[in-house]
Amino acid sequence: MTDQVLQEGKVRMEEVIEATKKAFAAIRTGRANPALLDRIVVSYYGTPTPLNQMASISVPEPRLLVVTPWDKTAIKDVEKAILASDLGLVPSNDGTVIRIAIPTLTEERRKELVRVVRKDAEDYRVAVRNIRRDLNDDLKKMEKDGDISEDTLHRVLEKVQELTNDFIKQIDELLEAKEKEIMEI
């Protein structure tokens with residue numbers, strides 16, 4: 001029974017790690033990455049549609065993204081959505097594809113992005129700690145109900161803490177890698 005609680009906690013914490021990776025991938029670093037455009041939603045015939053579901057996104061050069069809409073009539077809508085995003089990217093449209101040159105980041109913008117990434121990382125650490133709290137509450141309830149002994153409770157609580165430490169360490173490693181990526185010229 002305690003193994004089931006631990007397994008559930010591990011799965012939930014792994015989801016937090018995946019969310020962390022996705023969030024970090026969407027932060028611009030001066031290098032072209034198709035994940036930059038993951039959060040862009042295009043008004044396609046009046047329906048909000050994620051860009052990556054209506055176009056292919058490629059990286060032919062380190063500082064260039066090429067967006068090729070499958071429906072060429074949507075190219076203006078795609079361009080509008082990219083301009084309206086908070087990414088600060090300027091698309092150029094040649095009628096069939098949209099090219100997006102990724103500008104180099106200023107030192108000030110790099111520091112600002114590092115602050116954003118650190119805040120995101122802290123939010124994800126809190127999410128992992130909240131999962132730990134939920135697991136601890138479940139385990140304490142099991143002990144109170146007589147499903148597990150006090151010794152088992154303490155042993156499993158230690159395992160939950162080890163699990164939490166491992167996942168927070170992973171978030172810290174992701175943060176360190178992203179900061180390094182942002183700060184390199």
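**Close-up 1. Helices H1 and H3 cross at roughly 170°.** In this predicted model, the axes of helix H1 (residues 2–25) and helix H3 (residues 107–144) come within 10 Å. Angles over 145 degrees count as roughly antiparallel, and H1 and H3 are therefore roughly antiparallel to each other. On the H1 side, the contact is made by Thr2, Val5, Gly9, Arg12, Met13, Val16, Ala19, Thr20, Ala23 and Phe24. H3 contributes Val117, Asp120, Ala121, Tyr124, Ala127, Val128, Ile131, Arg132, Asp134, Leu135, Leu139 and Met142. Sorted by class, this contact of H1 with H3 has 15 nonpolar, 3 polar and 4 charged residues.

**Close-up 2. Helix H1 also packs with helix H4 (residues 150–183).** Here the axes of H1 and H4 are 11 Å apart, at an angle of about 10°. That angle makes H1 roughly parallel to H4. To follow the contact by eye, look in H1 for residues including Leu6, Lys10, Glu14, Ile17, Lys21 and Ala25. Among the residues they meet in H4 are Val156, Val160, Leu163, Phe167, Ile171 and Leu174. The contact of H1 with H4 divides into 13 nonpolar, 6 polar and 5 charged residues.

**Close-up 3. A look along H1 and its buried residues.** Which residues of H1 are buried? They are Thr2, Val5, Leu6, Gly9, Met13, Val16, Ile17, Thr20, Ala23 and Phe24. The cover over these buried residues includes H3 and H4. An α-helix has 3.6 residues a turn, so residues three or four places apart point the same way. From its first C-alpha to its last, H1 reaches 35 Å with its 24 residues, close to the 34 Å expected at 1.5 Å a residue.

**Close-up 4. Helix H3 and the residue Gly146 just after it.** H3 has 38 residues, which at 1.5 Å a residue should span 56 Å. The end C-alpha atoms of H3 are 55 Å apart, which agrees. Just after the helix, Gly146 takes a positive phi of about 85°.

Close-up 5. S3 is joined to strand S4 (residues 64–69) by 5 bridges, and Ile57 has Val67 in S4 as its bridge partner.

**Close-up 6. The hairpin of strands S1 and S2.** Strand S1 (residues 41–44) and strand S2 (residues 47–50) pair in the antiparallel sense over 4 bridges. Most residues other than glycine have a negative phi. Tyr45 has a positive phi of about 50° although it is not a glycine. Is Tyr45 buried or exposed? At 64% relative accessibility, Tyr45 counts as exposed, because exposed begins over 50%.

Methods: Residues are numbered from 1 along each chain as its sequence is written. This is a predicted model: local features need pLDDT of at least 70, side-chain atom pairs count only at pLDDT 80 or more; totals for chains, interfaces and linings use all residues. Side-chain values use heavy atoms; hydrogens and water are left out. Axes are lines fitted to C-alpha atoms, for helices over the stretch in contact, and angles run from 0 to 180 degrees between N-to-C directions. Helices (H or I, at least four residues) and strands (E, at least two) are DSSP runs, numbered from the N terminus. Angles under 35 degrees count as roughly parallel, over 145 as roughly antiparallel, 65 to 115 as roughly perpendicular and the rest as oblique. Contact means heavy atoms within 4.5 Å. Ala, Val, Leu, Ile, Met, Phe, Trp, Tyr, Cys and Pro count as nonpolar, Asp, Glu, Lys and Arg as charged, and the others, Gly among them, as polar. The expected span of a helix is 1.5 Å times one less than its number of residues. Two strands pair if DSSP finds at least two bridges between them. Buried means under 20% relative accessible area, exposed over 50%, partly exposed in between (1.4 Å probe, protein chains only).
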